[in-house]
Amino acid sequence: MANGFGSLYIGASGLQNSQNALNTTSNNLANVNTKGYVRQQVLQVDRNYTTFNTTASISQQQSGLGMKIGDVVHARDIFLDKSYRNASGRQAFYAATYEAVDEVYTFYQELQGQAFQTTLEDFWKAFQEWAKTPDDSVRQNLVIQKANLFVSRSNAVYTGLSDYQSTINTQISDDIDRINELGNTIFKLNLEIQKVESGNVETAMTLRDERDNALDELASYVDISYKENSDGIVKVSVEGVEFVDEARCYEMGKNRDEITGFVTPYWTHLSDIENGDYDNVFSFTTPISSDLNNDLGELKALILARGDRKATYKDIVGLTSDEYNRSTADSIATGMSVMLQAQAQLDQLVHGMITAINDTLCPNTTLGELTGNTASLTGTDENGNTVTITSGMKVLDTKNCSTGSDKQIPPQELFTRLGTERYTKVSVQETDANGNTVTNDYYVYNEESETDTSKQYTLASVSVNDKLVEQESLLPHLSQNGKVNYDLAQKVAALWKGEYLTLDPDDTNKVTFIDYYNNMVGAFGTIGSVYESTAKSLSGTVTAVDNQRSQVMGVSSDEELTKMIKFQNAYNASSRFINVVNEMIESMITQLGS
């Protein structure tokens with residue numbers, strides 16, 4: 001009789017477990033399209049057995065107590081998770097870089113519906129026309145107009161690049177905010193999961209799904225590593241620095257440059273802000289490559305693409321290949337940054353053209369060559385300051401220079417700098433061949449400053465000479481004897497055929513201005529194609545790995561419906577089992593009563 005009633009408990013356990021399995025299957029079906037949901041699998045096991053005879057000759061005689069839910073498995077593959085997050089981070093890096101390159105390519109190719117190359121060619125044609133009749137005011141005016149158009153179009157492209165830097169900067173700021181938000185979310189979920197699972201009774205599956213989704217998204221922004229402790233806490237590191245632990249989320253700060261407004265992420269807990277010592281999240285002193293596994297995360301790609309300043313020709317001219325391509329602790333290398341490279345190459349083109357034209361219209365020589373190897377001269381400038389001119393200093397070649405219609409020396413340069421005149425006039429007391437004291441004027445060339453952009457022929461400070469805009473005939477075109485200088489005009493027109501510039505320190509092949517522009521655009525087109533194909537290839541890898549993950553953790557409606565039928569049949573079988581046992585017990589009781 002006892003075993004009969006015990007059988008009812010066995011049947012009841014079957015009903016209970018089948019019902020729980022049906023609930024789990026229903027939950028899976030309800031979340032078949034829920035992003036990040038991980039399917040749950042029920043594992044059923046036997047309850048303990050009761051031994052009631054230990055003297056049997058073959059084996060112990062035992063009575064089963066039914067079944068129970070051994071575990072509800074949270075189906076994930078940690079290796080596929082790590083593979084997915086690594087591929088996702090790398091894909092995000094190259095996708096962000098390609099977007100920046102594509103934007104630069106667009107700026108170079110088209111500007112307000114006009115190809116920038118057309119501006120260069122029109123400028124050249126204006127000088128070709130001027131070379132035919134240098135004293136023709138119409139053609140002089142055409143040169144001034146095309147020079148103005150060249151500067152304005154160049155400035156528009158450079159401004160567009162600078163504005164896009166600001167757009168990237170906004171993305172960087174938003175990414176930092178989102179990274180901090182994800183870190184805090186993971187920290188809070190850690191605590192919630194620990195509370196739920198502390199009794200070893202329940203698995204916090206929904207909370208774990210949320211945490212894994214946060215880790216997936218975080219991996220697309222930065223390079224992460226993580227490890228789950230035995231108590232359910234996931235510790236996360238970003239770029240090798242602890243980001244989330246048991247105690248807190250160590251948020252990134254934003255160090256905003258006062259001049260550019262550019263934001264640089266730094267570790268608040270490792271920095272001494274009061275003393276201006278910032279521990280930056282990223283260090284770019286090593287090359288970025290897949291071999292070093294440091295080409296991960298959108299945030300790093302955006303910071304590299306934007307750069308840390310607005311570049312000029314000074315970021316190319318005079319640098320070695322190593323200096324151009326290798327960052328220091330304080331500065332991102334021009335060759336590593338999309339925007340810095342674009343700005344520097346464009347400014348080098350403008351600087352090369354401007355200085356070549358100015359140096360032809362207003363030729364320089366050295367004091368030694370002008371005076372016959374004079375070691376030095378001392379005189380006074382227009383402000384009464386004493387100035388010493390040494391043998392190697394650049395001065396106007398007053399013997400060979402041409403003039404405008406005013407026949408004044410120094411002649412007018414076509415392009416001027418915002419912060420300085422081309423020459424400083426120095427008056428020197430000298431003795432002539434007859435022993436008389438005379439005052440001779442020398443025009444010392446004001447060299448371009450290494451640090452002050454207002455004294456450089458750069459897009460930030462260059463413009464067409466206002467005096468020429470007001471009176472185009474001041475454009476140098478007359479020899480000092482008053483005749484039209486056709487040779488000078490031909491020299492200026494021939495500048496476009498000269499090979500003066502290399503694209504960057506990695507390139508040793510000097511080319512013409514037009515070829516330089518074509519090479520510049522072509523290089524970005526090639527780089528963009530490489531990044532695009534890499535991003536697309538990695539996107540395919542991400543999709544493939546995600547599909548593999550879905551096979552493990554994704555919900556298949558067909559599979560779940562099959563399980564539902566199985567558990568429904570098991571429920572029905574348990575119900576019938578209880579009915580049979582109930583009838584047997586009722587029969588036994590009836591017979592005993594009679």
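In which sense do strand E8 and strand E9 pair, and over how many bridges? In this predicted model, E8 (residues 252–256) and E9 (residues 263–267) pair in the antiparallel sense over five bridges. Two strands are taken to pair if DSSP finds at least two bridges between them. Helices (H or I, at least four residues) and strands (E, at least two) are DSSP runs, numbered from the N terminus. Within the pairing, Arg256 stands opposite Val263 in E9. The hairpin of E8 and E9 has six residues between the strands, and Gly261 takes a positive phi near 80° there.

Residues are numbered from 1 along each chain as its sequence is written. Because the model is predicted, local features need pLDDT of at least 70 and side-chain atom pairs count only at pLDDT 80 or more, while totals for chains, interfaces and linings use all residues; side-chain values use heavy atoms, with hydrogens and water left out.

Helix H5 (residues 205–221) contains 17 residues, which at 1.5 Å a residue should span 24 Å. This expected span is 1.5 Å times one less than the number of residues. Of the 17 residues of H5, 13 are buried, so the helix is largely enclosed by the rest of the structure. Here, buried means under 20% relative accessible area, exposed over 50%, and partly exposed in between (1.4 Å probe, protein chains only).

A search of the whole structure finds 25 salt bridges, each defined as a side-chain nitrogen of Lys or Arg within 4 Å of a carboxyl oxygen of Asp or Glu. One of them joins Asp216 and Arg85, whose closest N and O atoms are 2.6 Å apart. Asp216 counts as buried at 11% relative accessibility, and Arg85 is buried with a relative accessible area of 4%.

Asp216 also meets Arg549 in a salt bridge (3.1 Å, N to O). This pair links H5 to helix H12 (residues 513–553), the two residues being 333 residues apart. Arg549 is buried, with a relative accessible area of 4%. Salt bridges that share partners join Asp81, Arg85, Asp212, Asp216, Asp546 and Arg549 into one network.

A further salt bridge is formed by the side chains of Arg178 and Glu217 (2.8 Å, N to O). Arg178 in helix H4 (residues 137–197) and Glu217 in H5 are 39 residues apart. Arg178 is partly exposed, with a relative accessible area of 24%, and Glu217 is partly exposed, with 27%.
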